[in-house]
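Here is a friendly briefing to read alongside the model. Take a look at the fold first, and then let us walk through its contacts together.

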Amino acid sequence: MTGGATTGSFPAPGHDHAHCIEQAIQRTEAAFSTRGMRLTPLRRSVFIEIASSHQALGAYEILERLSKKKGRLAPISVYRALEALLAAGAVHRLESRNAYFACHAAHHTTREPVILACRGCGRIAEVPGEEVFEAIKTAAALADFRPSSSVVEIIGLCAICDRTQEH
């Protein structure tokens, strides 16, 4: 599989990741513009670093990578850039690992995706979660509970890692 091929919601090995990043940057620029926010050079650099793979990166890992390219940066500057990227919906936070990944899913119209995290290769995928979150809201309402936020992360194996472990 080459080009933009995927295996389910995960990109196929050897896919054109440069194309992935280009599309993600275009969506990020549009998201910032729509919200009246500025995509500053630092925010862009942080986003590109995160979007450089389909894995989640911790803030200090991002800081280390950027420092190698741009010189010493203050951690607070990376955290502020991450806050803006989160607010714009350009990145998501993998709560279980306190790490960030780029939103590569053009099909999401909500900010409630279900996150799939492969424990084999570390790649992250997003799938629409509207029905899952509706079920959560219904269950909470039945318990007379009003949730302020919900995150659904599923840890498992992508199809490629699953096939690899079978052999």
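Let us begin with Leu85, which touches Thr28, Phe32, Leu39, Arg43, Val46, Phe47, Ala90 and Val91, leaving aside residues up to four places away in sequence; contact means heavy atoms within 4.5 Å. This is a predicted model, where local features need pLDDT of at least 70, side-chain atom pairs count only at pLDDT 80 or more, and totals for chains, interfaces and linings use all residues. Residues are numbered from 1 along each chain as its sequence is written, and side-chain values use heavy atoms, with hydrogens and water left out.

**Nonpolar cores**

- The largest nonpolar core has 26 residues, and Val46, Phe47, Ile50, Ile62, Leu82 and Leu85 touch the most other members.
- Such a core is a set of buried Ala, Val, Leu, Ile, Met, Phe, Trp, Tyr and Cys residues joined through side-chain atoms within 4.5 Å.
- Two or more residues come from each of α1 (17-34), α2 (41-51), α3, α4 and β5 (99-102); helices (H or I, at least four residues) and strands (E, at least two) are DSSP runs, numbered from the N terminus.
- With 6 residues, α4 gives the largest share of this core.
- Another core, of 7 residues, lies apart from it and includes Ala56, Leu94, Ala117 and Ile124.

**Helix packing**

- α1 and α4 pack at an angle of about 85°, with their axes 9 Å apart; axes are lines fitted to C-alpha atoms, for helices over the stretch in contact, and angles run from 0 to 180 degrees between N-to-C directions.
- The two helices α1 and α4 are therefore roughly perpendicular (65 to 115 degrees).
- Thr28, Ala31 and Phe32 of α1 meet Ala84, Leu85 and Ala88 of α4 in this contact.

**The sheet**

- Three strands form an open sheet in the order β3-β5-β4, with antiparallel pairing; two strands pair if DSSP finds at least two bridges between them.
- β3 (57-58) and β4 (91-94) are at the edges with a single partner strand each, so one side of each has no neighbour in the sheet.
- α2 packs on the sheet, touching β3, β4 and β5, and its direction makes about 90° with that of β5.

**An aromatic pair**

- The structure holds 1 aromatic pair, in which Tyr60 and Tyr79 sit edge-to-face at 6.2 Å centre to centre, with 70° between the planes.
- Rings of Phe, Tyr and Trp (its six-membered ring) pair if their centres lie within 6.5 Å, and planes over 60 degrees apart count as edge-to-face.
- Tyr60 lies in α3 (59-70) and Tyr79 in α4 (75-88), so the pair ties together parts 19 residues apart in sequence.
- Tyr60 counts as exposed at 52% relative accessibility, while Tyr79 is partly exposed at 31%; buried means under 20% relative accessible area, exposed over 50%, and partly exposed in between (1.4 Å probe, protein chains only).

Technical notes. Rings of Phe, Tyr and Trp (its six-membered ring) pair if their centres lie within 6.5 Å; planes under 30 degrees apart count as stacked, over 60 as edge-to-face and the rest as tilted. Angles under 35 degrees count as roughly parallel, over 145 as roughly antiparallel, 65 to 115 as roughly perpendicular and the rest as oblique.
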